[in-house]
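Below is a short report on one protein chain.

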Amino acid sequence: MPPGNVTAFNTSSTTIAVTWSPPSRRSVQGVLLGYEITYTPAWKNASESRRVMLCKRNTSFHLERLLKYTLYNITVAAFTKVGIGRESEIEQTWTDEDSK
């Protein structure tokens, strides 16, 4: 089972805050080591995705240096020493527009 309650919201024209809940202990096969956040502008190919690996204490992260006023597809997955588990459903959010 993937991490739950994934939310994402813009905090500026180039940053998005992502939060999530850990998967249930029963669904993790082995010891939970951390999370992988995958993010891609919605109009780009998934092969151009960027990834961030975090230790298990983290259940939030700020994605930075993003494109301005762009829709992003974001997923979160848990990992153990065996590998990366299932990704969450895609959460979409826009970065902000710059003030005029």
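Where does Leu 33 lie? Leu 33 sits in the loop between S2 and S3. Strands here are DSSP runs (E, at least two residues) and helices are DSSP runs (H or I, at least four), numbered from the N terminus.

This is a predicted model, in which local features need pLDDT of at least 70 and side-chain atom pairs count only at pLDDT 80 or more, while totals for chains, interfaces and linings use all residues. Residues are numbered from 1 along each chain as its sequence is written, and side-chain values use heavy atoms, with hydrogens and water left out.

**Fold.** The chain has eight strands and zero helices. Its pattern along the sequence is β-β-β-β-β-β-β-β. The C-alpha trace spans about 50 × 25 × 20 Å along its principal axes. Contact means heavy atoms within 4.5 Å. Of the contacts with a separation of 6 or more, 60% join residues 24 or more positions apart.

Buried means under 20% relative accessible area, exposed over 50%, and partly exposed in between (1.4 Å probe, protein chains only). Of the 100 residues, 39% count as buried. A nonpolar core is a set of buried Ala, Val, Leu, Ile, Met, Phe, Trp, Tyr and Cys residues joined through side-chain atoms within 4.5 Å. The largest such core has 18 residues. Those with the most contacts inside it are Val 18, Trp 20, Ile 37, Tyr 39, Leu 63 and Ile 74. Strands S1 (4-10), S2 (16-21), S3 (34-41), S4 (50-55) and S6 (71-80) each supply at least two residues of this core. S6 gives the most, with four residues. In soluble globular proteins, nonpolar side chains tend to be buried together.

Trp 20 has partners that include Val 6, Tyr 35, Ile 37, Leu 54, Phe 61 and Val 76, not counting residues up to four places away in sequence.

**Two loop residues.** Ser 88 is placed in the loop between strand S7 (83-87) and strand S8 (91-94).

| Residue | Relative accessibility | Class |
|---|---|---|
| Ser 88 | 8% | buried |
| Leu 33 | 40% | partly exposed |

Leaving aside neighbours within four places in sequence, Ser 88 is in contact with Pro 2, Pro 3, Val 6, Thr 75 and Val 76. On the same terms, Leu 33 is in contact with Leu 54, Cys 55, Lys 56, Phe 79, Thr 80 and Lys 81. The C-alpha atoms of Leu 33 and Ile 84 are separated by 9.9 Å, with the two residues 51 apart along the chain.
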